[in-house]
Amino acid sequence: LRVIPPDHYVGVVESVEAIAATVADLLEQGSAYRVPTAESDGDDVYFDLAREHGFGAVSHWTREEMLAVYADRGGDPEREGKRDALDPLLWRAARAGEPSWDAAGLGPGRPGWHVECTSIAVDRLGMSFDVQGGGVDLLFPHHEMSAAQAVALTREEPFAKAYVHQAMVGLDGQKMSKSKGNLVLVSRLRAEGVDPMAIRLVLLGQHYRREWDWTEELLKQAETRLQAWRAAVGLPSGPPAADLVASVRSCLAADLDTPAALEAVDRWAHLALAEGRGGDEAAPARVSELVDALLGVRLTE
């Protein structure tokens, strides 16, 4: 799909030692505390949100809104011994039948979800990296907690300069999820011979903030769009491209309005394919370059 790969693929298992060191640092500076558990010889460790006054700056949610979803999104608001219902788990002491690692100063156990990402991001990117992204369901608690822990750890801010959260994508009226198994896999579409550029156009045709359902009709529309664009840039000439370049740039600068950007290219292609509506010999190549550079869609070999 012409998605630029990351420089590093970093897993949690290979990072447990560094994550445990992050938890130990938070304990040492007083930003975390221990909670004994009868299920283990060791202690669970929680982050003390009361020590981080910027908590809430990522989601801008009220406490009531947070508590309403916290248990369903991996939190344990009813856990006895916590100083605050929202305090997130940093280290879970080993329980029978659960994976665990020995960590100096913490004992056997495993890291909590949010601190994994805090530790890896701070280690690989440092503070104030450009963009934190993910599904809208990660806004709270995951990104909120990760940021609060990072600021407490480093005493620098912000964790990320900007946040981009993708609305949920559904299939047959239900949210796609690994747990439900109702997934449309790119690998399967490719095995069926679907052009990867058409798949990309389906995705770009939906604004990232808007929920939508994958359908075969959307894929057919994208394939038709791709054919029209390729036919238009294959012509010996076309309408001047300067206005289109400016329009696509403007659309993307307006909160990544990719649907509007695609519609702008549609209009140029329609004019180019209409008989006698373009005499600029440089335009087709320029549009092909524009679509490739700004939308990541390859129109020519």
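**Ground rules.** I number residues from 1 along each chain as its sequence is written, and my side-chain values use heavy atoms, with hydrogens and water left out. Since the model is predicted, local features need pLDDT of at least 70 and side-chain atom pairs count only at pLDDT 80 or more, while totals for chains, interfaces and linings use all residues.

**Entry 1, aromatic pairs.** I looked for ring pairs and found five in the structure. Rings of Phe, Tyr and Trp (its six-membered ring) pair if their centres lie within 6.5 Å; planes under 30 degrees apart count as stacked, over 60 as edge-to-face and the rest as tilted. Tryptophan 61 and phenylalanine 140 make a tilted pair, 5.4 Å centre to centre with 35 degrees between the planes. Tryptophan 61 sits in the loop between β2 (43–47) and α2 (63–70) and phenylalanine 140 in helix α4, so this pair ties together parts that are 79 residues apart in sequence. My helices (H or I, at least four residues) and strands (E, at least two) are DSSP runs, numbered from the N terminus.

Next I checked burial (buried means under 20% relative accessible area, exposed over 50%, partly exposed in between, with a 1.4 Å probe and protein chains only). Tryptophan 61 is partly exposed at 25%, and phenylalanine 140 is buried at 0%.

I then turned to phenylalanine 129 and phenylalanine 159: their ring centres are 5.0 Å apart and their planes at 80 degrees, so the pair is edge-to-face. Phenylalanine 129 belongs to strand β5 (residues 129–135) and phenylalanine 159 to the loop between α4 and β6, 30 residues apart.

**Entry 2, strands.** I found an open sheet of three strands in the order β8-β7-β9, with mixed pairing. Its edge strands, β8 (174–175) and β9 (212–214), each pair on one side only. For me, two strands pair if DSSP finds at least two bridges between them. Strand β7 (residues 169–171) runs parallel to β9 over three bridges, and glycine 170 stands opposite aspartate 213 in β9.
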